[in-house]
Amino acid sequence: MRPGLNPGDGLLALRGGAVRTGQVRVFPDPTAPSRWLVKRVGGVRGAGPETTFEACSDNPGAPGVVDSRRFGWVPATGSYRVVWRVRGRG
């Protein structure tokens, strides 16, 4: 998520809340559910429990990027919205 987030940054995220374009969300990786991803919302479809969002990387050209271009749109249910970031050292 560079340049918006850097390795070592701390995040506080809360479950639920309306999904909005530009938000940063945390959710289980659809390709490896034991891993969590942090991505920016690019677009939103649907409403209520049917809401899905496009998970976009801030640096799509970086090696190894995994986002909606690889796994499609993500259900909003079970995702968390980032409400606070603490800069790490470095």
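Modeller: Let us begin with V83, which has a relative accessibility of 34% and counts as partly exposed. V83 lies in strand β6. Please bear in mind that the model is predicted.

Biologist: What makes V83 part of a nonpolar surface patch?

Modeller: Patch residues need over 30% relative accessible area, and Val is among the nonpolar side chains that are joined within 5 Å. At 34%, V83 passes that accessibility cut-off. The patch consists of L12, L14, V83, W84 and V86 and covers about 470 Å². Two or more of its residues are given by each of β1 and β6, and β6 supplies the largest share, 3 residues.

Biologist: How do you know that L14 is partly exposed?

Modeller: L14 has a relative accessible area of 41%. That value falls between the 20% and 50% limits, so the label partly exposed applies to L14. L14 lies in strand β1, residues 10-15.

Biologist: Which residues are in contact with L14, leaving aside its neighbours within four places in sequence?

Modeller: They are Y80, R81 and V83. Contact requires heavy atoms within 4.5 Å. As a separate matter, the C-alpha atoms of L14 and T77 are separated by 12 Å, the two residues being 63 apart along the chain.

Biologist: What makes the pair D29 and R35 a salt bridge?

Modeller: The closest N and O atoms of D29 and R35 are 2.4 Å apart. The limit is 4 Å between a side-chain nitrogen of Lys or Arg and a carboxyl oxygen of Asp or Glu, so this pair qualifies. Side chains of opposite charge can pair when their charged atoms come close. A search of the whole structure finds 4 salt bridges.

Biologist: Why are D29 and R35 given the labels they have?

Modeller: D29 has a relative accessible area of 1%, which is under 20%, so D29 is buried. R35 has 39%, which lies between 20% and 50%, so R35 is partly exposed.

Biologist: How do you know that D58 and R40 form a salt bridge?

Modeller: Their side chains meet at 2.8 Å, N to O, and this is within the 4 Å limit, so the term applies. The pair links distant parts of the chain, 18 residues apart: D58 is in the loop between β4 (52-56) and α1 (68-71), and R40 is in strand β3, residues 32-45. D58, at 24% relative accessibility, counts as partly exposed, and R40, at 28%, is also partly exposed.

Biologist: Which residues make up the largest nonpolar core?

Modeller: The core has 10 residues: V19, F27, L37, V41, F53, A55, V66, F71, V74 and A76. The elements giving two or more residues to this core are β3 and β4. In soluble globular proteins, nonpolar side chains tend to be buried together. V66 is in contact with L37 and F71, among others, when neighbours within four places in sequence are left aside.

Biologist: Why is W73 called partly exposed?

Modeller: W73 has a relative accessible area of 30%, which lies between 20% and 50%, so W73 is partly exposed. W73 is found in the loop between α1 and β5 (74-75). Not counting residues up to four places away in sequence, W73 touches G43, V44, R45, T52, F53, E54 and S68. W73 and W84 are 24 Å apart, C-alpha to C-alpha.

Biologist: What is the confidence in this predicted chain?

Modeller: The mean pLDDT is 92, and 98% of the residues reach 70 or more. Among the elements, β6 has the lowest mean pLDDT (93) and β4 the highest (98).

Technical notes. Residues are numbered from 1 along each chain as its sequence is written. This is a predicted model: local features need pLDDT of at least 70, side-chain atom pairs count only at pLDDT 80 or more; totals for chains, interfaces and linings use all residues. Side-chain values use heavy atoms; hydrogens and water are left out. Helices (H or I, at least four residues) and strands (E, at least two) are DSSP runs, numbered from the N terminus. Buried means under 20% relative accessible area, exposed over 50%, partly exposed in between (1.4 Å probe, protein chains only). pLDDT is the predictor's confidence in each residue, from 0 to 100. Patches are made of residues with over 30% relative accessible area and no salt bridge: like charges are joined within 9 Å, nonpolar side chains (Val, Leu, Ile, Met, Phe, Trp, Tyr) within 5 Å. Accessible areas come from the Shrake-Rupley method with a 1.4 Å probe; for residues, only the protein chains shown count as cover. A nonpolar core is a set of buried Ala, Val, Leu, Ile, Met, Phe, Trp, Tyr and Cys residues joined through side-chain atoms within 4.5 Å.
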